[in-house]
Amino acid sequence: MTRTPRHHRRESAARPAPARHILRPPDPRATSVQQDSAVPPVEGHVVLLGRSGCHLCAAVTELIAAVQAEHPELIPDGAVEVDVDSDLALRSRWGDHVPVTFVDGVLIGYWYLDRDTLMAALTEGPTQVRVIP
């Protein structure tokens with residue numbers, strides 16, 4: 001009779017699921033989210049984590065700049081660009097997943113960002129990506 005190793009056995013259904021947390025970027029201009037409103041307004045705080053020499057980061061930077069030029073009201077303060085290599089904790093956390101884009105503190109994309117996703121986040125509110133690196 002073959003026995004299943006203990007670490008491969010299914011956990012008890014009574015065990016609670018781990019809590020999921022929204023990842024927040026290191027945005028020095030972050031403001032508090034309104035707690036009394038069901039859906040807070042989109043503030044347009046865009047943070048891009050990247051690194052120099054990254055062609056994907058350059059493409060996302062260009063996309064954000066183009067959207068800001070066309071719709072300055074959607075990104076009123078401009079995007080904050082943070083070099084992940086400038087901070088050991090950021091480099092450890094995000095590694096090679098750059099560029100990582102946040103809108104109002106919500107992760108909306110990594111490695112790639114398309115115009116439709118960015119515009120939806122800025123007009124309808126950000127939706128966190130399904131798979132978090």
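This report walks through a predicted model of one protein chain, from its overall layout down to individual side chains.

## The overall layout

Let's start with the big picture. The protein chain has 133 residues, and 33% of them count as buried. Its secondary structure consists of 3 helices and 4 strands.

Strand β1 covers 46-50 and helix α1 covers 55-70. Strand β2 spans 80-83, then comes α2 at 88-94, with β3 at 100-103. Strand β4 takes up 106-110, and α3 runs over 115-123.

What about contacts along the chain? Taking the contacts with a separation of 6 or more, 61% are between residues 24 or more positions apart.

## A salt-bridge network around Arg 51

Side chains of opposite charge can pair when their charged atoms come close. In this model there are 3 salt bridges. Which residues are linked in a network of salt bridges? They are Arg 51, Asp 85 and Asp 96.

Take the link to Asp 85 to begin with: its closest N and O atoms to those of Arg 51 are 3.0 Å apart. Asp 85 sits in the loop between β2 and α2, while Arg 51 sits in the loop between β1 and α1, so this pair ties together parts that are 34 residues apart in sequence. Asp 85 has a relative accessible area of 35%, which makes it partly exposed.

Arg 51 also meets Asp 96 in a salt bridge, at 3.6 Å from N to O. Asp 96 belongs to the loop between α2 and β3, so its pairing with Arg 51 joins parts 45 residues apart in sequence. Asp 96 is exposed, with a relative accessible area of 64%.

## A bridge between two helices

Now for Glu 70 and Arg 115, whose side chains meet in a salt bridge at 2.2 Å, N to O. Glu 70 is in helix α1 and Arg 115 is in helix α3, so the pair ties together parts that are 45 residues apart in sequence.

Are these two residues buried, exposed or something in between? Glu 70 counts as partly exposed at 47% relative accessibility, and Arg 115 is partly exposed too, at 31%.

The model contains 2 aromatic pairs. In one of them, the ring centres of Trp 94 and Phe 102 are 5.9 Å apart and the planes meet at 80°, so the pair is edge-to-face. Both partners are tucked away from the surface: Trp 94 is buried at 4% relative accessibility, and Phe 102 is buried with a relative accessible area of 0%.

Trp 94 has another neighbour to look at. Arg 93 lies over the face of the Trp 94 ring, 4.1 Å from the ring centre.

Which residues make the nonpolar surface patch? Leu 56, Trp 111 and Tyr 112 do, and together their patch is about 340 Å². Trp 111 lies in the loop between β4 and α3, and Tyr 112 lies in the loop between β4 and α3 as well.

Tyr 112 counts as exposed, at 58% relative accessibility. Trp 111, at 42%, counts as partly exposed. Trp 111 also has a backbone detail to look for: its phi is positive, about 70°, although it is not a glycine.

## Other backbone details

Asp 104 is another residue other than glycine with a positive phi, in this case near 50°. You'll find Asp 104 in the loop between β3 and β4. With a relative accessible area of 18%, Asp 104 is under the 20% cut-off and so counts as buried.

Finally, have a look at the stretch leading up to β3. Where is the cis peptide bond? It runs from Val 98 to Pro 99, with omega near 0°. Pro 99 is in the loop between α2 and β3.

Methods. Residues numbered from 1 in each chain as written. Heavy atoms only, no water. Phe/Tyr/Trp six-rings, centres within 6.5 Å; stacked < 30°, edge-to-face > 60°. Buried < 20%, exposed > 50% of the residue type's maximum accessible area, 1.4 Å probe, protein only. Lys NZ or Arg CZ within 6 Å of the ring centre and 35° of its normal. Patch = residues over 30% accessible without salt bridge, like charges linked within 9 Å, V, L, I, M, F, W, Y side chains within 5 Å. Areas by Shrake-Rupley, 256 points an atom, 1.4 Å probe, with all protein chains shown as cover. Salt bridge = Lys/Arg side-chain N within 4 Å of Asp/Glu carboxyl O. Contact = heavy atoms within 4.5 Å.
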